[in-house]
Amino acid sequence: MSEVPEISLRAVELREVALPLVRPFRTSFGEEREKRAILVRAIGDDVEGWGECVASEEPRYSEEWLDGAWMALERWIAPSVLGGEVKRPGHVVERVRWIRGHRMAKAAIEAAVLDGWLRKAGVSLSDHLSGVRDRIACGVSVGIAPTVEEMLEEIRGYLAKGYRRIKMKIEPGRDLGVVRAVRGALPDTPLSVDANGAYTPADTPLFEALDELELMMIEQPLDVEDLMDHAGLQARLNTPICLDESIRSASDALAAIRLGACRIINIKPGRVGGILEAKRVHDVALGSNVPVWIGGMLETGVGRAANLALAAMPGVTLPGDTSASDRYFSEDLTEPFVLSADGTMAVPVGPGIGVEPLQGRLEACTVRASLIKP
Ligand code: NPG
């Protein structure tokens, strides 16, 4: 960036939004029927920026949950950010460093300040992250369905739209049989599975059986804390293990790679505490020739736009859970993101994340709001 702009942050607005999902999303953690998210608006003197907090309603995916993130933002994070000068996005990280954890909440405010700062500079997030592509390949994540037939019907619908990879959620009892049936019906489709940490090393024979099914990857088979066990399992499998929940920072990524705990990494900015840390995870992986892809947390258009910009980075060589708006919502909060028939989506080119919530939609979806001033 030739000229470094500065912003002067005046206030932070939080909004909780609720949007019905087009179909329930079931994982090994449970089922979601509605998307609830906290949107953060960074209000500067002459510019505004938006970020989305991906904490779910219940602390199942990680320790964070929506109401806890709201409290952390309101009580600690926003006041810390507003308590001193924030002129650049890097200042946000410095100001909240004393607060332990709460990565998803911190990431949302960093994203909002980064968006405002880039809007002022007239630079897109993708350019800021040294993105190398203007369209990205998209995959789709398929929740656990009551029957194989229903799962296959949903998968065929996504393939007809052009999605380039299908990720199936698995849980104990709904795993090998379903995956075998889908692989049998779709021998050439790029398939992966995601266990969200639902298994233990005692399930190694199950993974050895899945290893025969030519999957692109097995995502987060074991517990979030078990890097050593993942290394032991990876040594027994040809299929790459992809880590998601276990990678909470660039330093976790380095440790996992050095231990041989994974051969692929899923990057989610919320999980690692921000877009800037997500870029560091990418850089660590690229330096070790470990492919990465951008995950998804059922984001509205605000979070999705940032994910698409991240997906333009050079090391993101696998299709992500960066699906089109209509996979989640009949009406998004922003102008919808649309999949092309070739299974790609355009990276936003406007300044910052390149999109904003539509005012009417935002008002209609808001369930609570809070304005935090210094
Ligand atoms: O397409 O945004 C999407 C969803 C992708 O499967 C997906 N996300 O474990 O990665 C995951 C899962 C998830 C969703 C986790 C919501 C937590 C909350």
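**The ligand site and the cavity**

Of the 16 residues around the ligand, those that come nearest are Ser141, Asn196, Lys268, Leu298 and Tyr328 (near means a heavy atom within 4 Å). The model is predicted: local features need pLDDT of at least 70, side-chain atom pairs count only at pLDDT 80 or more, and totals for chains, interfaces and linings use all residues. Residues are numbered from 1 along each chain as its sequence is written, and side-chain values use heavy atoms, without hydrogens and water.

Start with the polar contacts (pairs of N or O atoms within 3.5 Å). The side chain of Ser141 places an N or O atom 2.7 Å from a ligand oxygen. Lys169 has a polar side-chain atom 2.9 Å from an oxygen of the ligand. Leu298 uses its backbone: an N or O atom there is 2.8 Å from a ligand oxygen. The protein buries 98% of the 440 Å² that the ligand exposes when taken alone (Shrake-Rupley areas, 1.4 Å probe).

Now the shell. Seven of its residues are charged, five nonpolar and four polar (Gly counts as polar, Tyr as nonpolar). Domain 1 (9-122 + 358-372) and domain 2 (126-346) each supply at least three residues.

Which cavity does the structure hold? There is one of 30 Å³ or more (a set of points on a 1 Å grid over the protein atoms alone, where a 1.4 Å probe fits but cannot get out). The largest cavity has a volume of about 160 Å³. Its lining counts 18 residues (an atom within 4 Å of a point), with Glu52, Ala111, Pro269, Gly303 and Ala306 nearest the centre.

Note on methods: A polar contact is a pair of N or O atoms within 3.5 Å; within protein, one must be able to donate a hydrogen and the other to accept it, and residues adjacent in sequence count only if both atoms are side-chain atoms. Domain bounds come from an automatic or database domain assignment. On a 1 Å grid over the protein atoms alone, a cavity is a set of points where a 1.4 Å probe fits but cannot get out, and a pocket is an open set with protein on both sides within 12 Å along at least five of seven lines; lining residues have an atom within 4 Å of a point. Grid points are joined across faces, edges and corners, and a volume is the space filled by probe spheres set on the points.
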